[in-house]
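Hi,

Here is the structure I promised to pass on.

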Amino acid sequence: MKKKQLCIAFALLAAMVLGVSLLSGCVEKGTESQEAQEDKETIQVYLWTANLYEKYAPYVQAQLPDVNIEFIVGNNDLDFYKFLKQNGGLPDIITCCRFSLHDAAPLKDSLMDLAATNEAGAIYNTYLNNFKNEDGSVNWLPVCADSHGLVVNRDLFEQYDIPMPTDYASFVAACKAFEEVGIRGYTADYMYDYTCMETLQGLSAAELTTIDGRKWRTAYSDPANDARVGLDDTVWPGNFERMEQFIQDTGLTAADLELNYDDVTEMFGNGQLAMYFSSSAGVKMFQDQGIDATFLPIFGQNGEKWLVTTPYFQVALNRDLEQNDARRAKAMQVLNVMLSQDAQEQILAEGQDLLSYSQNVDYRLSDTMEDVRPVVEENHMYIRIASNDFFAISQDVVSKMIAGEYDAAQAYSAFNAALLSEETPDTGDTVLSSKKAYSNVFHKNGGNESFSVMANTLRGLYDTDVLVAAASSFTGSVLQADYTQTTARAMIMPNGLLSYQRTMTGAELKDTLRGFVKGCEGGFTPFNRGSLPVVSGITVQVKENDGGYELTGVTRNGKALRDDDTVTVTCLATEKQMTPLLQDEPHAFERGEDTVKDLWSKALSDGGVVLAAPESYITLE
Amino acid sequence: MEIDKRKTKRTRHLPRKRLTVAAVVLTITCFIGLGVQYLSFVSRTVYEESTSHLEEVLHKSNSMLSMIANKNISYLHLWNGFLDSNPDDDGVQMYLESAKQELGFAEFYFLTYDGNYMTPHGETGYLGLQSNLDEKLADQNDVVMNAALPGQKPTLVFICPETKGVYRGFSYDAIAISRYNDDVMKAVGNSAFSGTASTYVVYADGQVVIENIAEGEQNIYNLLAVLREHSDLSEAQVQDLANDFAKGASGNYEVTLGSTRYYLAYESTGIQDWILVELVPVDVVNASMNQLWQRTVQIIVGITGGLSLMTILLVINRGRVKLRRKNTEILYREELFRKLSQNVNDVFLMLDANTYKADYISPNMERLLGLTQESVRKNIDTLATLHPKDTVEPAKDHLAGLAGGEQREWDMEYIHQQTGERRWFHVVAMGSEVEGQTKYILVLSDRTADKQVNQALSDAVAAAENANRAKSTFLSSMSHDIRTPMNAIIGFATLAVSHLDDKERVKDYLAKILASSNHLLSLINDILDMSRIESGKIQLDETEVNLSDVLHDIKTIVSGQIYAKQLELYMDAIDVTDEDVYCDKTRLNQILMNLLSNAIKFTPAGGTVSVRVRQLAGKVGGCGQYEFRVKDSGIGMDPDFAKKVFEPFERERSSTVSRIQGAGLGMAITKNIVDMMGGTIEVQSAPEKALNLSSVFRCAPRQNAVGR
């Protein structure tokens, strides 16, 4: 009996010792493996705009509470991702707005083939075909569409008793009729490349969707095609002729090339302009101002009516996900939610119409789109070709056409020549070098390394004791690479990121930090760990509480920040994010003259910018 | 011997038990094995039957789909004929509208290779076809494609490129009719599974052409993708399925999607590279089979379970019976032991050799030693209190070093803790190994009775010896006291005979003979009285007596002796409220006479003798208490002798006393009579001092004697 008891006791003791040593082993490896585990479990989604960070990203995260998704505001073009790919930092899920298959070619081998997925199957063939590679693979999937056409002031038409246009002829007639009464019939913000490009393509949407047009488009977009592809001689010459005709019929001149968006909308709002080319969002805006605006399609000269659509973004998945089934499954879950109807509705502004490319999403047309419903139902929705070349060359050529420098034939030649000319690689000088790549995954103990590098570097530039930045301020692209001005600039987003500075007490700083951590109405509320603010010069302790976050401590130089300490603080945020935090402030923040991006660019141009080392800036409980 | 027998029995039981267990386990295992085999066979058969049934249904659906496709293509060819006849546009419109109404298709299209269309009504648009129409129609064969237009239900478009022409200025390369997918699938689908089946027509890459989903299911756009992501099929299986699709092969799988188990059956449609796939919940297909299956399983499980249960119950019951029997045996033994231990005069203790903790204490501990079981169980050292305080021997641990199998014995004297009496015990201590532990079993046998008997025997022997000695003493005393007067009688009688003539001398001799005879008679009377008293033959004869009369009579009797010795005799009564009493007058006189006689005998001439009667206060047992005090001024008594004055044949060994006649029985007799009367007698004296004899009698006053 005694022996038995001894044996049992010994066995228990041995088990305890083993358990303790295992646990302690786990604890020792704890930090390291925890970070590795966090890296493994996190799915990174790069968003092309900060707008998606406010509603869309929180919605997607909320649908997948068990998936750790890190949303980072990246950049809206493929060059950004090419840079990331070249330097080993391509994220799991990428989105971009300015897109063409042609421009996406360098990324093709790094992206997953989604052709056989259910998500790809859900997309209307008409649109999916624009994203299909020659070999039938599909790397990019379009999300819902933003439609562009004519925003029309019905009041003016009624006022001047001019019939609403129903085809190209009546459109032209309306323009002329308005000219006679001293009102501009039609113009647009031809200062921008996208307006030039969309007008050129929109006027010839019917031709561009013919067999020949689609053949050319496929050839032009084919990523496998190493040779540069110019314009064809079947469809494109006519496109420029139509453009030329349009310019003549609408009376566009060089003066229109100076108009920006605000100028045009001001004219429209003042009743000085009857029709302008824009997205359907403009209609709601003017209706809210009391103007009876409506939305009409582009009237083709062949009698057809078309809408030029722009996918809000295209989404692709990193091929590396296929190496890990669990990560792949998670990424597919995220993709599925990103393409769902409810998620797509989060992209839209209030009242905006939902034109989805997916069959599983009901399209929703508000009253503003009633006049184009037949066009939608006719399936006359043209997806623009949005390669970088087309943006740049369209702006150049169409501007010259509008300025009267080019006729149709010259425009065609110039365009073709520009397309065929070799790409000038970005041979910009190196303005920044990083010897090390930093993780852009949020870790519970420490935060996001690459964000910390940027925050610490900027704190130096702003010469401030403390820097607090919204998580959407950085693109996380701190890689072991040499940065040109362009790629270095792309380290900071969005374009509207501003700096706000003042001296404050420790107590005031804590209040400010609470606003950033907990979020505030009308501002930005962190919706997951990756969206917590980034700080430099201090360390914050944050507690996760029922999906929300609470600031529990602030330390500076290793000691708790005292309420009576005095520090200079710089906050980096967009105006919208910062406004609620400024409301109750007794002392005003000083807003920086330059945007953060511009300041950063200037500093880079001046040279001598050295990236600071990262610090552990946050502990999340 | 018995232990060995039991061990052997136990040993023999063990293998038998093991065999039984093994047999039971084997039986159950066999049952389970057979059951599993049977279940597996039935399962396989059910699967084969179900999938065969499913394939039949699928084939029917497939035929229906082909029929629909062929029918619609036929219509198109028919209309081609009409269109070739160059009718006018209005005629065409009318014709086609009437056909639409009659045949129920969704729309008629004049199509270009671009995918642009015009309807008979003149509506134009772009048909969102699956792929480029020009490629599909390159070989001028009829094609079927699916189309999805925004805001409209998906359709299946049947296209015939046979006829080209112009309609309302629209140059077309083919004509087509569309049918809503729902309508097509309704016709293709079957009611065999009450709407729980989902039917898909898919391309080889899994992309869905048309589908008819079951209620509550979500749309699928790529079946292979969904199976890959959400089913339990492995990548290899999905790939095999894709290969089958590509080859146009048929087959079936069991697959779990979500939480439902499905049969997936597929077959090539023969229309382009389409595959018809049916997904039906297993439960639905096997509904009736399932019932049978379930019943079978239930029965088998029931039988197996029942048998197992029976076996288990049997085993349990057997075990329980055995256990009960053993328990009963144990109970019997316990009861026996309990009764024995209660009623025997042996205290049993079992102590742990290491801790000296009491494992067992017999219940008679309290009776025999005055210690409770609890107190001893609590603290074994309580036993130390049993030792008499006046023990000379030092305390000894008799159990030290007692090993298993060893035995020790010793005797101990203990004090009963409740009564305080001394008891004698014989202690036997045995060492024993129980379950690997050494235990001390102590048996404390109460030998007090034996000791007492021995003591009594010793006392009796002593008494007997004393009596013998007393008898010898009596005989030696008596022989002298009897012989003396007898000798006197005989001597004087002889002298009288020899001096018959001497009348005076004879008279003297006769007087002496008379005196000696009286003395002898008195002696014999005393001896007989003593004997009668000791044998309990004397009874008190209580009668009404007047104490004054008694005293008066006594005085009268002793007056002669008083006068002869010129003594003073005083008699008085003090506090006597009840003179008339009930008592044995004769014995009272005897007592008083004895006392007085002695007083007179042992008081020299000229002394005084007094008799005082005093009635004491209070009553004892309803009787009054009277003190008779006889006092003399005689020679007194040695205190040592005073202690044994009431013992028979005791006469003080002194020169004075020895000169006075007496057998030494008078005081013994007096004491016995006083004892019989419930009284006490004592003597107070010292040598050369006065003797004070007082005795207290109980006599019931006359008034209390009513009713006696």
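How many residue pairs are in polar contact across the interface of chain B and chain A? The rule finds eight, with both residues at pLDDT 80 or more; a polar contact is a pair of N or O atoms within 3.5 Å, one able to donate a hydrogen and the other to accept it, and residues adjacent in sequence count only if both atoms are side-chain atoms.

Before you go further: this is a predicted model, where local features need pLDDT of at least 70 and side-chain atom pairs count only at pLDDT 80 or more, while totals for chains, interfaces and linings use all residues. Residues are numbered from 1 along each chain as written, chains are lettered from A in the order written, and side-chain values use heavy atoms, without hydrogens or water.

The count of salt bridges between the two chains is one: Arg328(A) to Glu229(B), 2.7 Å from N to O (the cut-off is a Lys or Arg side-chain nitrogen within 4 Å of an Asp or Glu carboxyl oxygen).

As for the contact itself (heavy atoms within 4.5 Å), chain B gives 30 residues and chain A gives 28. Together they bury about 2,400 Å², 46% of it on carbon and sulfur atoms; that is accessible area lost on being put together, with a 1.4 Å probe, summed over both. In chain B, Tyr126(B), Pro150(B) and Tyr221(B) lose the most area to chain A, together 31% of what that side buries.

Cheers

Key. Buried area is the accessible area (1.4 Å probe) that two parts lose on being put together, summed over both.
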